[in-house]
Amino acid sequence: MSDAEHERPRPIFLFGLLIGGGLMVQGARVLFDSSPTTAAWIGLVATIVALDLLNDGVVLPVISVVGRGVARVVSPWLRAPMQVGLIITAPIIAVGLLPLLGTADVTGNPTIQPLNYSVTVPTAVGLVWAPVAVWAVVRWRREARLETAGATPAA
Amino acid sequence: MIAARLPAAGHPLRTERVAAVLGIALGISMTICFATGILSHLIQEPPSWFVWGPRPAGLYRFTQGLHVATGLAMIPIVVAKLWTVYPMLFVWPPVQTVLQAVERLALLPLIGGSIFLLVSGLGNINIWRPWSVDFRTAHHAVAWVTVGSLLIHMGAKAGTTLNALRRPTTSVEPSDTASDEQISVASAVPADGGLGRRGFLATVAGAAGAVTLFTVGQTYAPLRSIAFLAPRRPDMGPQGFPVNRTARAVGLTNVDPATYRLEVTGRGLSTPVSFTLAEMEAMEQRTATLPIACVEGWSTEQTWTGVPLRALLDAAGVQEMSEVNVVSLQRSRRLQQSVVNRDQVDDLDTLLALRVNGETLAPDHGYPVRLMGPNRPGVLQTKWLGRIEVS
């Protein structure tokens, strides 16, 4: 790609910039029109920046480290099942975390978070890992068969 | 092309093609969330040009259920997308042109806003709101900003996305020295026992599906028994369904039926007209099976019995009206009143409900009288009614 191309914006970018910029201004207007205090406004922006930093500085590095750990430590036959199990389990825990912590207890409304989440969240995780475990066993047996066949090619 | 390309990060799943597919999934999901969210906002605070009719009765139930379900399903997709493009954060120099700087600057509100929308939405459905700004205002404002920055991002990445999707999916094992071309077409098939591109994308879709499966029972009855993560169960609560605000929370646990009066005031009425509970019970009753659909995404259908609002206004002598405002006995201002437009008033299933499923309303469900109309958000189904203002 030439430098000239690199400098020249595509029309679709300018279109996105125009419409997207307008929508962003509308968002700011909604916030200002609601007349929150300056502290509240700053608090909201600070929260967004903090979430950004938390994502870039903690969440993604942790995911990357766990991913690399699985790739390096876990046997090849277990690698894909492990990845599938972890990728599906993470959002389940994320969604189940507030109910698990019982954050609605302070509301005095027993119809919020009404289940025994210390049972239901592990149940959901178990329902994910059960088929993953079966899949891992199938892969392990296939791997073992291939190794056996490789060891005795004449057979 | 003005945007930087995904560098050769050395990871077989961090490809432009994976980023493109996840980006498209996110674009669709965010559009659904944005459209349904703005609709919900318009219904709750209608401008003069917007009229929300009473039919079909379950439309709001569907749109708001879709809003929350899509938002929850987006969680793994957002994280997967951000993980895929994470190496872009460390590209040096970070920008080479002014336009590229604009595109990258838009990533801050896009990423921060997306995460805020998911976290605040997740908090809200659990009635966990640690924000100093009102949830609805913050969620609404940040949604505009986020979708705006998404459009800028999409405009910048449109060429990259299309190119990544057009390339053939040959199995080329990437390495740190591979070219961009090689990186972007790599890993359709796993080579190290781990997930390949298709497996990874399928797993992310599976994660979104699992989250949906374990939560959507809060609005979709057939999956109720496996709603393991849902913060509400539509079959749990007084009289068999949940409440958002209890009678205790608003100090209305002991409304005396003997002294209770529902007052009608306003346009065309020189003096207020009031009805006792006995008078309302003596009026012709109407029964309707209507959904109660909460903005937090749970919903349920119950059979309500009471006096049609239209009939009560007729009995009060109201000749003309454009809308009515129903006001609760509660003193706290939050959810104290709601507007019922002309179309909704004229729908005979818009009830001043006295009973649910044949039983007198429980205090938590708004005893002695609550509004229950078709196709209205739960927050507008005002409970513990004390006054109707005609305008």
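A residue counts as partly exposed when its relative accessible area falls between the buried range, under 20%, and the exposed range, over 50%. Bear in mind throughout that this is a predicted model.

Because Trp77(A) belongs to helix α4 (residues 76-101) and Trp140(A) to helix α5 (residues 117-151) of chain A, the pair ties together parts 63 residues apart in sequence.

Next, select Phe214(B) and Phe228(B), whose ring centres lie 5.6 Å apart with the planes at 40°, so that this pair is tilted. Both residues sit in the loop between α7 (197-213) and α8 (247-250) of chain B, so the pair links parts 14 residues apart in sequence. Phe214(B) is buried, with a relative accessible area of 4%, and Phe228(B) is buried at 13%.

Staying in chain B, select Trp49(B), Phe50(B) and Trp52(B), which form one aromatic cluster. Then move to Trp83(B), where Arg14(B) lies over the face of the ring, at 4.3 Å from the ring centre.

Finally, display the whole of chain B, whose C-alpha trace spans about 85 × 45 × 35 Å along its principal axes and whose secondary structure comprises 11 helices and 10 strands. Of its 391 residues, 60% count as buried. If you colour chain B by charge, you will find 32 positive and 27 negative side chains, the centres of the two sets being 5 Å apart.

How values were computed:
Residues are numbered from 1 along each chain as its sequence is written. Chains are lettered from A and ligands numbered from 1 in the order in which they are written. This is a predicted model: local features need pLDDT of at least 70, side-chain atom pairs count only at pLDDT 80 or more; totals for chains, interfaces and linings use all residues. Side-chain values use heavy atoms; hydrogens and water are left out. Helices (H or I, at least four residues) and strands (E, at least two) are DSSP runs, numbered from the N terminus. Buried means under 20% relative accessible area, exposed over 50%, partly exposed in between (1.4 Å probe, protein chains only). Lys and Arg count as positive and Asp and Glu as negative; His and the chain ends are not counted. The place of a charge is taken as NZ of Lys, CZ of Arg, CG of Asp or CD of Glu. Rings of Phe, Tyr and Trp (its six-membered ring) pair if their centres lie within 6.5 Å; planes under 30 degrees apart count as stacked, over 60 as edge-to-face and the rest as tilted. A charge sits over a ring if NZ of Lys or CZ of Arg is within 6 Å of the ring centre and within 35 degrees of the ring normal.
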